[in-house]
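I opened this structure to look up a few things.

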Amino acid sequence: MALTVAPDFTDGILTASKLQQLSDAINERTPLNAIKSADESLTSDTALQNDNELTLSLAANAVYGFLMLIRYDATAASDIKTQLSLPASATAFYNADGVPTAGTAFSLFNATEATLFAFEGAGAGTIRNINFVGHITTDSTAGSAVLQWAQNVSGGTATIVKAGSRFTAWRMS
């Protein structure tokens with residue numbers, strides 16, 4: 001589906017349908033943003049869970065560019081694992097940049113299904129960053145793109161996704 005084209009106002013005629021068309025065009029091009037307002041923690045839990053705040057609602061039949069910055073605090077024993085949950089039949093191509101767990105190398109991934117990434121913790125109280133950049137293509141189903149995360153190895157010290165982490169997407173077509 002193509003993006004709405006802004007109406008032509010050069011004829012000097014202002015109509016409700018032209019204003020609605022202009023509103024639709026602006027709304028389709030407004031970036032979607034989710035910013036984490038509070039720390040969220042997990043202890044002794046390796047089951048992936050949806051993040052409480054880092055979720056975006058995507059339209060059907062659309063292509064979005066996206067950036068995600070995850071600030072986290074994890075011990076070297078527990079680490080953190082992440083994946084992106086997408087609407088049904090959606091695909092994503094993205095790169096993950098962070099400190100991977102020992103022996104893991106990262107490059108460009110074709111994530112047509114959930115792709116799991118594991119990142120190393122540096123010790124309680126040491127914040128690290130993970131950066132994701134890529135694009136998501138939705139099919140005929142609208143839905144949410146959500147960060148999922150958990151401890152990579154169960155541990156008694158909390159793994160924390162920090163306030164200020166953010167997920168931004170913009171519609172490209």
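My entries follow, one topic at a time.

**Ground rules.** I am working on a predicted model, where local features need pLDDT of at least 70, side-chain atom pairs count only at pLDDT 80 or more, and totals for chains, interfaces and linings use all residues. Residues are numbered from 1 along each chain as its sequence is written, and side-chain values use heavy atoms, with hydrogens and water left out.

**Entry 1: the cavity.** A cavity here is a set of points on a 1 Å grid over the protein atoms alone where a 1.4 Å probe fits but cannot get out. Grid points are joined across faces, edges and corners, and a volume is the space filled by probe spheres set on the points. I found one cavity of 30 Å³ or more. The largest cavity holds about 40 Å³.

Which residues line the largest cavity? I listed Phe66, Met68, Thr82, Gln83, Leu84, Tyr94, Thr115, Phe117, Phe132 and Leu147. A lining residue has an atom within 4 Å of a point. Strand E4 (63-73) and E5 each give two or more residues to this lining. E5 has the largest share, three residues. Strands are DSSP runs of at least two residues, numbered from the N terminus.

I then sorted the lining by type: seven nonpolar, three polar and no charged. In this scheme Ala, Val, Leu, Ile, Met, Phe, Trp, Tyr, Cys and Pro are nonpolar, Asp, Glu, Lys and Arg are charged, and the others, Gly among them, are polar.

**Entry 2: Gln83.** Gln83 sits in strand E5 (residues 80-85). Is Gln83 buried or exposed? Gln83 is buried, at 15% relative accessible area. Buried means under 20%, exposed over 50%, and partly exposed in between (1.4 Å probe, protein chains only). The Gln83 side chain makes a polar contact of 2.7 Å with the side chain of Gln148. A polar contact is a pair of N or O atoms within 3.5 Å; within protein, one must be able to donate a hydrogen and the other to accept it, and residues adjacent in sequence count only if both atoms are side-chain atoms.

**Entry 3: salt bridges.** Side chains of opposite charge can pair when their charged atoms come close. I counted six salt bridges, each a side-chain nitrogen of Lys or Arg within 4 Å of a carboxyl oxygen of Asp or Glu.

Lys36 pairs with Glu40, with the closest N and O atoms 2.6 Å apart. Glu40 is buried at 8%. Lys36 is buried at 3%. Lys36 also bridges to Glu53, at 3.9 Å. That pair links distant parts of the chain, 17 residues apart: Lys36 is in the loop between strand E1 (32-35) and strand E2 (40-42), and Glu53 is in strand E3 (residues 49-58). Glu53 is partly exposed, at 26%.

I also noted Glu120 with Arg128, at 3.5 Å. Glu120 is partly exposed at 27%, and Arg128 is partly exposed at 21%. Shared partners join Lys36, Glu40, Asp51 and Glu53 into one network.

**Entry 4: Gln151.** I ended on a loop. Gln151 lies between strand E10 (143-150) and strand E11 (159-161). Gln151 is buried, at 0% relative accessibility. A polar atom of its side chain lies 2.9 Å from the backbone oxygen of Thr157. A polar contact of 3.2 Å joins the Gln151 and Thr159 side chains. Leaving aside neighbours within four places in sequence, Gln151 has contacts (heavy atoms within 4.5 Å) that include Leu42, Asp45, Ser78, Lys81 and Ala158.

Definitions and conventions. Helices (H or I, at least four residues) and strands (E, at least two) are DSSP runs, numbered from the N terminus. On a 1 Å grid over the protein atoms alone, a cavity is a set of points where a 1.4 Å probe fits but cannot get out, and a pocket is an open set with protein on both sides within 12 Å along at least five of seven lines; lining residues have an atom within 4 Å of a point.
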